[in-house]
Amino acid sequence: MSNSVISVISRFLEEYTTSTPNKLKVVDAYLLYILLTGAFQFLYCLLVGTFPFNSFLSGFISCVGSFILAVCLRIQINPQNKGEFLTVSPERAFADFLFAHTVLHLVVVNFIG
Amino acid sequence: LLLVGSLVSLVVLVLALGAHALTPSHHLTPSDLVRLQDVLSQPYTDLKAAYLSIVGQSKLGLSVAGSNEACDFIKSNLDPSSVESLFYAAEASQTIASCCMMNTNFKQTPNKKNKQLPLNEDSTMSQIHQAVSALSFLGLPLASQEVVSALKARISKEDNVLAITLALQTASHLSQQAELGEILEEIEDLAARLDDLGGVYLQFEEGLEVTALFVSAAYALSDHVGVEPPLKEDQVIQLLNSVFSKKSWDSLSEAFSVASAAAALADNRFHKPVIVSAVGPATVSHSQPLLQLQVMDVLCQSLSSANVLVETATSAATKATILSQTPFTQRDGIFQLNFMASQPASGYYQFSVAISGDSRLVGNHIELKVKVSTKVSINNMDLSVVDKDQSIGTKTTRVEYPNKAKSSFIADSHQNFAMSFQLVDESTGVELTPHQTFVRLHNQKTGQEVVFVAEPDSKNLYKFELDTAERKAEFDSISGTYALYLMVGDATLENPVLWNMADIVLKFPDEEAPSAIQSKNLYVPKPEIQHLFREPERRPPTVLSNTFTAMVLSPFLLLLLLWFKLGANVSNFSLSPSSVLFHVGHAAMLGLMYVYWTQLNMFQTLKYLAIIGSLTFLAGNRMLAQKAVKRYCASLYVQLALQ
């Protein structure tokens with residue numbers, strides 16, 4: 001059983017490194033970074049306590065929001081999905097990504113206190 | 001705790017119950033009238049003050065002192081070219097009997113006066129009023145119909161209360177043949193504008209002076225035309241309450257307006273408010289059996305022609321009717337009734353009094369609370385010491401008021417001390433149950449006193465028993481000689497009683513050392529309360545916070561590492577101006593976020609964000625468009641190459 005899991009994972013990793021374009025790998029690295037940041041914040045909250053709660057919330061939601069927006073960007077610039085996003089060019093996706101981030105950061109900084 | 005038996009008497013005039021109309025709650029007493037006269041008779045320095053003073057005093061029915069000097073003052077201060085001055089002079093001189101204005105300057109120009117009548121569209125209501133009044137008081141002819149139309153035109157322009165009041169006053173000088181009907185209707189309109197305050201007062205929001213002027217103007221016009229003013233009885237009383245609610249007046253004109261209103265209410269053809277007050281407190285007793293009432297008009301003049309009748313007099317306690325349809329007799333302007341002749345028991349009685357004799361009377365049904373007081377006498381005061389187990393016979397001592405028992409009584413824990421007595425009305429012998437019957441024991445050495453209540457049984461016999469053992473807590477178990485007092489008091493008693501009857505020696509078991517009783521001082525500073533500020537939340541240690549901060553920032557380094565490993569396209573950085581501007585703008589926006597966190601508020605941030613954001617957007621748009629073009633060209637190139 002574990003054997004098949006390991007083989008699936010190694011196959012997946014191999015496919016990933018070969019067939020994903022570089023652009024997407026860049027975005028994936030960014031996604032990993034956001035994930036780790038959010039995880040560390042949550043860990044702190046579990047260990048030390050929720051004071052100040054508003055700061056924790058804003059930081060965590062910033063991570064979650066950024067993750068979601070990056071995932072959106074990744075979906076939109078993936079050339080394999082081009083058929084579903086005929087009206088949205090990669091540049092347009094990137095511009096949307098930046099605008100949404102501006103709004104997100106405004107709200108986060110407001111709430112961080 | 002000694003109560004005065006004959007307390008200050010109760011309210012004489014109370015608001016009526018049920019179907020009875022309102023009665024005045026404020027009126028001018030003789031001392032108020034004297035004060036009003038003093039205000040009005042102050043020395044004056046100008047013509048207006050002279051007018052207010054002279055005419056005001058005449059309204060109160062007083063003759064002006066120094067009438068010759070007053071007349072000379074008026075004549076010397078008169079300015080014949082000013083209508084206002086003429087008005088003051090004319091009315092003031094008219095009230096002084098010996099003063100005649102006609103032999104001064106304007107007899108020469110009566111026609112000029114008429115032509116000078118400022119009846120154009122621009123003249124204010126007060127100018128019209130002064131001109132018309134001046135002509136009227138000087139006895140000169142008036143064009144009444146012209147004045148009426150001028151007044152009507154002016155009322156529509158100047159809609160305020162004072163202007164319409166002046167119009168009413170002006171109309172009262174005009175000929176009765178003129179059409180004053182519309183002006184008369186203004187009284188009703190103005191009355192609708194009055195504010196009802198608590199059902200007691202009726203006044204204009206402009207204040208007391210305007211209300212008083214309205215009263216005098218309304219009655220002046222109504223008397224002149226012969227039509228009853230459309231004011232209900234209650235409204236008249238409420239107006240009266242408002243006008244006379246203030247007993248000290250700020251200005252001469254305010255005092256003048258009150259005097260005018262008083263004169264109007266005291267003597268007009270339609271409404272005459274009546275003021276009823278008892279002479280002294282409304283209390284009768286055997287020594288003072290007469291209930292005396294003063295019936296006056298607003299200017300404190302006695303209405304000697306009135307008939308005063310008690311419609312009903314009922315006991316407040318038993319609700320039995322004592323008197324019905326009994327008239328008061330009049331003597332020297334005071335109406336009196338011998339109430340004690342009906343032999344009422346002591347207590348309070350509700351009188352319903354009606355004044356008649358003049359069809360104009362207003363507020364002539366009065367409710368009065370009368371107190372009948374009496375003297376109490378204490379009978380059959382028996383003091384005894386009773387053994388608890390009743391084995392030894394009781395020793396009863398009778399004490400007569402106001403003597404003290406010759407020997408003192410001794411009671412220890414095996415004995416009770418008992419007292420019994422009766423309280424009766426001195427003159428009729430009827431048993432009484434006053435509100436306060438207390439037994440007081442006073443320890444002269446320590447100053448301690450203990451008070452008990454003596455209660456009557458079903459036969460109105462008062463009994464009191466002191467169980468030494470049971471009550472030792474109240475005495476703090478302090479044995480010794482106590483002086484025994486009886487205290488009797490009630491509002492209807494003329495002779496409250498504080499009677500030292502005897503001395504008692506009380507012996508308590510388990511005696512403690514007697515400590516001097518200090519009176520409890522309630523007015524010492526209390527212990528200070530230290531304010532506790534809100535404790536700041538407990539924070540984790542700085543080391544821990546710093547560790548975690550480093551931990552949270554560490555993935556960024558990982559990201560840079562990964563990007564480097566992936567060979568992110570830093571070399572493809574085009575240095576076109578739009579690209580540079582875009583990156584600078586973007587960096588500026590992130591910097592703005594930091595500044596927002598530390599210093600700014602949302603509004604300022606949005607302002608800066610709008611500026612930077614729009615620049616960044618434009619630059620970014622261009623940059624991305626260029627990139628898109630490059631990509632498209634590249635893909636085209638690839639396609640061409642593949643063909």
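Modeller: The following account describes the interface between the chains. This is a predicted model in which local features need pLDDT of at least 70 and side-chain atom pairs count only at pLDDT 80 or more, while totals for chains, interfaces and linings use all residues. Residues are numbered from 1 along each chain as its sequence is written, chains are lettered from A and ligands numbered from 1 in the order in which they are written, and side-chain values use heavy atoms, with hydrogens and water left out.

On chain B, 32 residues are in contact with 30 residues of chain A, where contact means heavy atoms within 4.5 Å. The area buried between the two chains is about 2700 Å², and carbon and sulfur atoms give 80% of that area; buried area is the accessible area (1.4 Å probe) that two parts lose on being put together, summed over both.

Between chain B and chain A there is 1 salt bridge, that is, a side-chain nitrogen of Lys or Arg within 4 Å of a carboxyl oxygen of Asp or Glu. B:Arg631 forms a salt bridge with A:Glu91, and their closest N and O atoms are 3.1 Å apart.

Three helices of chain B, H14 (542–566), H15 (577–598) and H16 (602–642), each supply at least two residues of the side that touches chain A; helices are DSSP runs (H or I, at least four residues), numbered from the N terminus. The largest share of that side, 13 residues, comes from H14(B).
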